[in-house]
Amino acid sequence: MQWYESINSYLLDKCIALSNTGGGTFIRESTWEFPVIEGVHVLSIAMSVGMILWFDLRLLGASMRKRPVSEVFRGVYWWMVGGFTAAVISGLLLFWAEADRAYPNIFARIKLLGLVIAGLNILYFHNWTQRTQQEWDNDPVPPLRVRMAGFLSITCWVVVVAAGRLMAYTF
């Protein structure tokens with residue numbers, strides 16, 4: 001366990017140094033920059049996760065049953081990507097400003113774990129599950145493996161959003 005403490009201490013030192021850079025201090029102590037970045041972060045999460053939820057509900061067979069999955073995906077794809085890109089950029093800026101407080105926070109770690117699992121689920125869906133989409137694209141209720149991908153996605157994003165809000169309230 002000593003190696004874990006050593007790595008943890010090293011990373012905490014790097015996070016403290018990161019938040020104490022000129023950029024981190026500027027974002028954290030500014031009148032407008034931090035609130036604007038935080039607002040962009042919240043709105044981009046709403047856009048991205050909202051579109052992901054819309055698509056996942058179709059994967060579950062819970063909504064838009066008469067529309068092909070591919071059509072729903074095409075309709076929300078760029079909104080998901082744009083929102084997610086803005087959320088990542090604004091999230092990294094917020095982390096830069098408060099890395100010293102975010103790194104040791106349990107909810108920040110839960111959020112990161114949720115993001116990693118969501119990312120792995122996305123990779124699995126697009127690289128394996130989606131390859132057979134022609135077989136189930138028009139099915140009102142897709143096969144179990146497709147519904148499980150949608151359910152896992154919804155679960156991960158609920159965890160990410162909840163942990164992010166809890167993280168903000170425990171600083």
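The accessible surface of this chain comes to about 10400 Å², and carbon and sulfur atoms hold 70% of that area. Accessible areas here come from the Shrake-Rupley method with a 1.4 Å probe, and for residues only the protein chains shown count as cover.

A word on the source. This is a predicted model, where local features need pLDDT of at least 70 and side-chain atom pairs count only at pLDDT 80 or more, while totals for chains, interfaces and linings use all residues. Residues are numbered from 1 along each chain as its sequence is written, and side-chain values use heavy atoms, with hydrogens and water left out.

Now the overall build. There are seven helices and zero strands in the chain. Helices (H or I, at least four residues) and strands (E, at least two) are DSSP runs, numbered from the N terminus. The C-alpha trace spans about 55 × 45 × 25 Å along its principal axes. Of the 171 residues, 34% are buried; buried means under 20% relative accessible area, exposed means over 50%, and partly exposed is in between, with a 1.4 Å probe and protein chains only. Take the contacts (heavy atoms within 4.5 Å). Among those in the chain with a separation of 6 or more, 76% are between residues 24 or more positions apart.

Next, the surface patch. Which residues make the nonpolar patch? They are Phe84, Val88, Leu92, Leu112, Leu115, Val116, Leu120 and Leu123, and the patch covers about 710 Å². Like charges are joined within 9 Å, and nonpolar side chains, meaning Val, Leu, Ile, Met, Phe, Trp and Tyr, within 5 Å. Helix 4 (69–102) and helix 5 (106–127) each supply at least two residues of the patch, and helix 5 gives the most, with five. Val116 lies in helix 5 and is partly exposed, with a relative accessible area of 44%.

Last, two loop residues. Met64 is in the loop between helix 3 (33–60) and helix 4. Its phi is near 50 degrees, a positive value in a residue other than glycine. Thr129 sits in the loop between helix 5 and helix 6 (133–136). Is Thr129 buried or exposed? Thr129 is buried, because its relative accessible area is 1%. Leaving aside neighbours within four places in sequence, Thr129 is in contact with Tyr124, Trp136, Arg145 and Val146.

Conventions
Patch = residues over 30% accessible without salt bridge, like charges linked within 9 Å, V, L, I, M, F, W, Y side chains within 5 Å. Salt bridge = Lys/Arg side-chain N within 4 Å of Asp/Glu carboxyl O.
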